[in-house]
Amino acid sequence: MQPIIVIGMHRSGSSLLVKVLKELGVFMGNDLEENKESMFFNKINDWMLLQAGASWDNPENFKYISDDFKALMVDIVQNRLKSIHLKKYLGSANHSIKDSTFVWGWKDPRNTFTIDIWQEIFPEAKVIRVFRNPVDVISSLAKREASKITVTGNPTKTGLKKKYFGFKLPQERLFYHSFKSLDMQAAFILWKKYVEKELQVGEDSEIMNVSYESLIENSLESYNKISAFCNVDVKHKNPESLFQGFDQSRKFAFVKEKQLVEFYGKIKDDELVVKLGYGNII
């Protein structure tokens with residue numbers, strides 16, 4: 001069975017979507033980390049971006065990959081999907097995910113830029129594009145990344161590691177963070193790049209659009225549409241308890257903060273913001 005691939009900008013509500021998909025019975029991985037992303041697929045996406053000199057917050061290079069590079073990535077990833085490493089995702093030793101009879105998929109914002117690779121491997125995959133208003137995305141992203149940026153810590157761990165890095169200068173990062181995400185204008189530009197790439201997914205693809213706002217405001221309607229798109233039976237499902245956990249206050253939460261409202265005033269007339277229906281929030 002072909003997978004359901006979730007794409008979209010970071011902090012756009014894809015984790016909430018995963019909760020809905022799991023409630024519907026869609027298998028999203030046995031190795032989910034705190035952001036509901038499969039570590040198996042996350043690692044593959046990170047590796048592919050790295051090979052193109054790109055990263056999640058600097059993905060542009062991946063837009064310019066050659067046909068030879070793409071063919072190589074497809075070959076390597078296909079082999080990875082047949083390897084013992086797939087056990088992390090499946091939670092078992094079954095190596096034939098392509099021949100699976102259950103509904104499955106994964107979410108990773110990086111899919112947005114690696115989607116051409118995945119669609120080459122899974123030509124009939126269903127793609128769910130997730131959208132959220134840019135200011136709430138920017139606010140959430142900044143809070144997440146700010147929590148990662150620190151130069152202090154346990155001297156027996158961080159301190160020793162800093163000394164090691166200072167001596168060896170290895171080709172890896174000491175702290176995993178995005179300074180770009182702390183600048184609202186830069187984060188807005190990043191949001192646009194993700195959204196623009198989402199909207200470029202081929203017309204021949206089976207695609208569904210889901211907004212974070214609709215998920216928490218029109219939960220049952222969104223639930224039914226997603227179940228129909230995924231072709232899963234919901235007769236014996238009871239989503240009400242799931243919806244009770246959805247925080248309604250997070251819809252357009254930025255309106256409570258003066259600085260964010262002022263920034264929204266600067267970008268609300270942007271063509272892409274208007275196109276997605278976020279041009280007249282306030």
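These legends accompany several close-up views of a predicted model.

**View 1**
Strands of a sheet are held in pairs by backbone hydrogen bonds, in either a parallel or an antiparallel arrangement.

**View 2**
Now we move in on strand 3, which covers residues 126-131. With strand 1 (residues 4-7), strand 3 forms a parallel pair over 4 bridges. Two places to look for along this pair are Ile-4, which stands opposite Lys-126, and Ile-7, whose bridge partner is Arg-129. Strand 3 also pairs with strand 4 (residues 206-211), again in the parallel sense, over 6 bridges. Here you can find Val-127 opposite Ile-207 of strand 4.

**View 1. Both faces of strand 3 are covered.**
How many of the residues of strand 3 are buried? The count is 6 of the 6, so the strand is largely enclosed by the rest of the structure. In a regular strand, side chains alternate between the two faces of the sheet. On one side of strand 3 are Lys-126, Ile-128 and Val-130, and on the other are Val-127, Arg-129 and Phe-131; all are buried. Note that Lys-126 and Arg-129 are among these buried residues. Under 20% relative accessible area is what counts as buried here.

**View 2. Two loop residues have positive phi.**
Which loop holds Arg-11? Look between strand 1 and helix 1 (14-23). Arg-11 has a positive phi of about 65 degrees, although it is not a glycine. With a relative accessible area of 28%, Arg-11 is partly exposed. Another residue to look at is Phe-252, in the loop between helix 11 (240-244) and helix 12 (258-267). Phe-252 is not a glycine either, and its phi is positive, near 55 degrees.

Of its 23 lining residues, Arg-11, Gly-13, Ser-15, Leu-16 and Arg-250 are the closest to the centre. Helix 1, helix 6 (134-146) and helix 9 (212-217) each supply at least two residues of the lining. The most comes from helix 1, with 4 residues. Sorted by class, the lining has 10 charged, 8 polar and 5 nonpolar residues.

**View 3. The structure holds one cavity of 30 Å³ or more.**
About 40 Å³ of space lies in the largest cavity. Which residues line the largest cavity? They are Lys-63, Phe-113, Lys-193, Glu-196, Lys-197 and Gln-200. Helix 8 (residues 184-198) gives the most to this lining, with 3 residues. By class, the lining has 4 charged, 1 polar and 1 nonpolar residues.

Technical notes: Residues numbered from 1 in each chain as written. Predicted model: local features only at pLDDT ≥ 70, side-chain atom pairs only at ≥ 80, totals over all residues. Heavy atoms only, no water. Buried < 20%, exposed > 50% of the residue type's maximum accessible area, 1.4 Å probe, protein only. Pairing = 2+ DSSP bridges. 1 Å grid on protein atoms, 1.4 Å probe; cavity = no way out; pocket = protein on both sides within 12 Å on 5 of 7 lines; lining within 4 Å. Nonpolar A, V, L, I, M, F, W, Y, C, P; charged D, E, K, R; others polar. Points joined across faces, edges and corners; volume = space filled by probe spheres on them.
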